[in-house]
Structure formats: structure tokens, C-alpha cells
Amino acid sequence: HKYHLRDIIQYSHAIPMNSLFRALLLTAMSYFIMTGYDFLALKYVKRPLAYGKISKASFIGYAFSNNIGFSMLAGASVRYRLYSSWGLSALEITKIIFFCTMSIWLGFFTLGSAVFLFEPMALPRVLHLPFQTDYPLGIIFLVPVFTYAFLALRWKKPVNVRGLEFPAPPARFFFPQVGIATLDWAMAGSVLFSLLPQGVSFPS
């Protein structure tokens, strides 16, 4: 209601070509990094595939989920179609989706905590939160990350989710999971940042 199509087209034409090129390059890097989710997930279920197949499933799956939304429906259905044709069972595909989802949230909380702790910003009063900056949120965001790390080191029993048993991810997967997911979120944020108008500043 606020923006007309002509305004969007006018603004798009005003974006410098070097900013568009940078955004495209960062987008390509992001999709390349996201193949790491499926690569690790297939190792988690002990069904490694050729990287060509992994990158195909990853790119198509995330292209659907990132642009359409409903990631559990769009991306998961694409993965099921491709991975089942390559011999994986429905349970193995479910475990892959579970692993990828956990990895994505690990990266979200890790990068979010880093931003809130090292670059805290004042929070709008309209939120009525008990703290004035987002620094405490950075500490809160670390809780699920450290909890996952502790479980990865100590928890050996399968995790039961609605009657399905998921083997606890080995501890050796923790740092690759966090690294890939954090880079993925950083790339996604960088794409948007590169398209902002020149001279945009943020409150400190």
C-alpha cells in the first residue's frame, strides 16, 4: 500500500551496477555455502553422495524455500523428490531436513549473539522490554548454542521427535555446522546491505 510499482522500478534503476554485481556475487557465494548443509547432513545419515547431486538438491531446495517461503514445505518437498530418486528412504530424508534446520538456527543464534554483544543498539521503547539495548539478547542467543554444544559432547542417545528417532549429531559436526550456518547468514545479510543507498548509517 505504501510503495507503487513505478517507485520500485525507479529505485531499482538507481542502484549502481557495482552494487548489483556485488549483490549477485554474494548471492552466488551464499548458495555455494548452503551446499555445506546437505553435505554434512548426508554424512550425518551416513549416505554420502556425489557433490554434483548435493549441490543440485541444495540449490533447488533453497531457491524454492528462500523465495517462496514455507521452507518446511517447499524446500523439503524438493529434497524428497530428488533424494528419493537417488535411493534415500523417507526417514533418511527427514533426518537430513532435521539436521539442516538445526544447523540454520545454530548459525542464526551464533551470528545474532555476536552482533548484539559487540555492536549493541538501543531498543525502541515501544517494545516495552525490560532492557534498553539488545546486549542481553546476545547473551540469551548464546544459550541454545551452548546447549547444543553440550548435548553434542555428552548426549549419546537418539533424540525422539514425534515417534521418530534421530541419532544425536556427533561432536565433530558442531563447529562445521556453526561455521557454515554463520557464513550463510552473514552472506545473506551482506546481499541486502550491498543494495542499501550510499551513506546509510545505523544508530549506535
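**Note on charge pairs, aromatic contacts and a pocket**

1. R79 lies over the face of Y62, 4.4 Å from the ring centre, where a charge is taken to sit over a ring if NZ of Lys or CZ of Arg is within 6 Å of the ring centre and within 35 degrees of the ring normal. The model is a predicted one, in which local features need pLDDT of at least 70 and side-chain atom pairs count only at pLDDT 80 or more, while totals for chains, interfaces and linings use all residues. Residues are numbered from 1 along each chain as its sequence is written, and side-chain values use heavy atoms, with hydrogens and water left out.

2. R79 also takes part in a salt bridge with D38, at 3.0 Å from N to O; the term means a side-chain nitrogen of Lys or Arg within 4 Å of a carboxyl oxygen of Asp or Glu. This pair links distant parts of the chain, since D38 is in helix α2 (residues 17-44) and R79 in helix α4 (residues 71-85), 41 residues apart; helices are DSSP runs of H or I with at least four residues, numbered from the N terminus. D38 is buried, at 0% relative accessible area, and R79 is buried as well, at 5%, with buried meaning under 20%, exposed over 50% and partly exposed in between (1.4 Å probe, protein chains only).

3. The structure holds 2 salt bridges, and one of them joins R47 to E92, with the closest N and O atoms 3.0 Å apart. Because R47 lies in the loop between α2 and α3 (51-68) and E92 in helix α5, the pair ties together parts that are 45 residues apart in sequence. R47 is partly exposed, with a relative accessible area of 28%, whereas E92 counts as buried at 18%. Side chains of opposite charge can pair when their charged atoms come close.

4. The loop between α2 and α3 also holds K46, whose phi is near 60 degrees, a positive value in a residue other than glycine. Most residues other than glycine have a negative phi. K46 counts as exposed, at 70% relative accessibility.

5. There are 14 aromatic pairs in the structure, a pair being rings of Phe, Tyr and Trp (its six-membered ring) with centres within 6.5 Å, and planes under 30 degrees apart counting as stacked, over 60 as edge-to-face and the rest as tilted. Among them, Y83 and W86 have ring centres 5.8 Å apart and planes at 70 degrees, so the pair is edge-to-face; Y83 counts as buried, at 0% relative accessibility.

6. The rings of F108 and F141 have centres 5.8 Å apart and planes at 40 degrees, so this pair is tilted. As F108 lies in helix α5 and F141 in helix α6 (residues 135-154), the pair ties together parts that are 33 residues apart in sequence. F108 is partly exposed, at 29% relative accessible area, while F141 is buried, at 15%. One aromatic cluster is formed by W105, F108, F109, F116, F141 and W185.

7. W185 is also one of the lining residues that lie nearest the centre of the second largest pocket, together with L111, V115, G189 and S190. The lining comprises 15 residues, with the largest share, 6 residues, coming from α7. By class, the lining has 12 nonpolar, 3 polar and no charged residues.

Note on methods: 1 Å grid on protein atoms, 1.4 Å probe; cavity = no way out; pocket = protein on both sides within 12 Å on 5 of 7 lines; lining within 4 Å. Helix = DSSP H or I, 4+ residues; strand = E, 2+ residues; numbered from the N terminus. Nonpolar A, V, L, I, M, F, W, Y, C, P; charged D, E, K, R; others polar.
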